[in-house]
Amino acid sequence: MMRGPRPESVPALIARACILVGLLDIAAGVFPRFRHSRMHTLAEVLPGTLGPFAAALALSSGVLLLLLAHGLRRRKRRAWRAAVVLLPFGACAQFAYRHSFAGVVIPLLLLWLLARHRGQFDALPDPRSRWRALANFVLMSAGSVLLGLAIVSAHPNKLVGSPSLADRLEHVLYGLLGIDGPLDYAGRTSHTVALSLGALGMVTALTTIYLAFRPEHPAARLTPDDEARLRALLDKHGARDSLGHFALRRDKGVVFSPSGKAAVCYRVVSGVMLAGGDPVGDVEAWPGAIERFMDEARAHSWTPAVMGCSETGGEVWTRETGLAALELGDEAVVDVADFSLTGRAMRNVRQMVKRIERAGYETRVRRVRDLSPGELARIRRAADHWRGTDTERGFSMALGRIGDEADGACLIATAHKSGAEDTGPYGDLKAVLHFVPWGTDGVSLDLMRRDRSADPGLNELLIVAALQAAPSLGISHVSLNFAMFRAALARGEKIGAGPVLRAWRGLLVFLSRWFQIESLYKFNAKFRPRWEPRFVVYRSSKDLPRIGWAAMQAEGFVTLRLPPPLRHRAPEPRPCAHDRREREVRAA
């Protein structure tokens with residue numbers, strides 16, 4: 001049995017203290033009435049409210065403490081170091097400017113707490129890239145403008161004239177750059193406002209420069225040795241999980257059990273360490289791999305989560321880690337021996353397939369290793385062009401590549417229209433389905449792409465073609481798409497469904513306008529599959545929104561990237577023989 005997560009009450013308490021101090025400092029810097037209220041007595045002894053520059057220093061100190069609190073809550077070592085360096089300076093400044101005993105005691109007390117519990121602040125840095133600097137600049141600039149508007153409007157009795165909102169905004173923008181704006185105040189208020197706005201601009205600039213030029217910690221990637229070890233495990237145990245082959249995505253990291261007989265593949269997104277499917281390898285060795293996964297998450301203070309594991313996988317994860325599991329949806333699996341187009345239930349699919357065939361379409365189902373380099377290059381280009389988005393979608397049920405020579409056992413089903421050789425850049429090719437191996441006698445659907453100008457129904461045609469060709473290829477079961485929240489959709493439309501279930505189904509149908517929820521369920525149901533439940537494993541219910549956001553990013557529904565001119569180009573995956581042949585074909 002694995003040990004549970006280490007208590008984090010002290011880091012969380014210190015983080016909350018930083019948030020409280022930061023908010024009080026910001027309030028003291030923005031609102032003059034606050035500085036002259038009873039709370040001023042408390043605000044004066046907090047780090048950052050020093051001497052004649054109290055307002056400006058309070059604002060900058062408050063903003064930095066708010067930024068620092070997140071890292072302290074996640075036990076980040078660098079945040080701890082920053083706090084340890086800043087607090088003594090705050091104590092010395094309090095003594096030098098105000099000769100305040102309390103102003104020295106409070107930061108030193110926090111410093112003592114940080115030093116005493118330094119062992120809990122041992123989390124390593126997250127994978128990061130340069131786009132975080134741009135994100136910081138945008139968010140900090142927006143926050144500085146809002147705070148600036150509050151600052152210039154907080155002195156109505158000192159303000160000369162009645163400036164408009166545009167004048168106030170102009171003054172804020174100039175002030176952030178250290179330039180005098182159009183507004184004027186009586187007395188020393190102009191000096192206070194200028195210093196406060198300048199401090200906000202300086203904090204924005206310095207934090208952005210730091211994020212832009214700090215060393216990068218790139219995300220983990222599969223090495224050739226990791227991939228070879230994973231393929232060896234899949235050769236022995238790949239039949240256990242239909243998602244096993246997707247562990248070979250090269251944008252994932254991997255941790256192996258001490259025995260090397262099991263592994264967990266993952267990607268880190270927005271501080272969430274996201275695993276997909278079940279662990280790869282021998283079930284008896286899964287606990288060792290899961291423990292390594294949890295140790296890695298703890299070392300970086302990442303939130304552990306698993307997307308799309310099976311019922312067996314969910315039981316092992318919850319038993320070994322103390323995490324919780326929630327049914328996420330169902331995977332559609334068709335047993336080839338039971339599939340037939342006959343019968344009333346298959347009438348719609350049967351009619352659609354016959355209609356498409358009468359329109360002149362034909363299908364071909366082959367292994368990747370059986371395709372010629374030229375045809376494989378054409379399929380790759382077509383699939384990339386028909387994708388419809390800038391980024392490849394998919395994480396737990398997507399391989400992210402087609403035609404790698406190491407994936408020769410993958411299956412490709414293509415649809416061709418006779419007499420259309422010269423009607424487009426891809427000749428008679430009109431649709432592509434790509435399947436990855438599931439053990440030695442199964443395949444799992446990876447992607448579906450089709451020419452948008454082609455007749456509807458090509459995906460159904462190709463799935464039927466793949467199922468009909470499966471026996472000759474030694475395939476006995478085929479995994480289709482994953483249907484999220486299938487049980488709720490199915491039960492919610494039946495007679496006798498309660499109001500809560502109907503309301504939940506109605507919300508899912510509404511969300512289906514933007515996400516393929518109901519459409520995937522109905523598409524899968526056409527082929528009369530058996531449904532295998534899939535689960536999400538999580539630490540706490542409060543982590544679910546964060547995990548959901550990370551999963552949407554990993555699956556490609558939400559992308560956060562730099563603009564193309566500023567984007568850092570990631571290293572290209574190692575080339576394979578097919579890649580070289582494709583370049584030769586394009587050149588020809």
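**Notes on the model**

1. Let me start with Val432, which lies in strand 9 (residues 429-437); strands here are DSSP runs of E, at least two residues, and helices runs of H or I, at least four, numbered from the N terminus. This is a predicted model, where local features need pLDDT of at least 70, side-chain atom pairs count only at pLDDT 80 or more, and totals for chains, interfaces and linings use all residues. Residues are numbered from 1 along each chain as its sequence is written, and side-chain values use heavy atoms, without hydrogens and water.

2. Val432 is buried, at a relative accessible area of 0% (buried means under 20%, with a 1.4 Å probe and protein chains only). Leaving out residues up to four places away in sequence, Val432 touches Ile379, Trp386, Ile412, Ala413, Thr414, Leu447, Met448, Arg449 and Leu462 (contact means heavy atoms within 4.5 Å). Ala383 is 49 residues from Val432 in sequence, with 7.0 Å between their C-alpha atoms.

3. Do look at helix 11 (residues 286-300) and helix 12 (residues 311-321), which pack at an angle of about 60° with axes 10 Å apart; axes are lines fitted to C-alpha atoms over the stretch in contact, and angles run from 0 to 180 degrees between N-to-C directions. Helix 11 contributes Trp286, Pro287, Ile290, Phe293 and Met294 to the contact, and helix 12 contributes Thr312, Gly313, Val316, Trp317, Glu320 and Thr321.

4. Buried residues account for 50% of its 588 residues.
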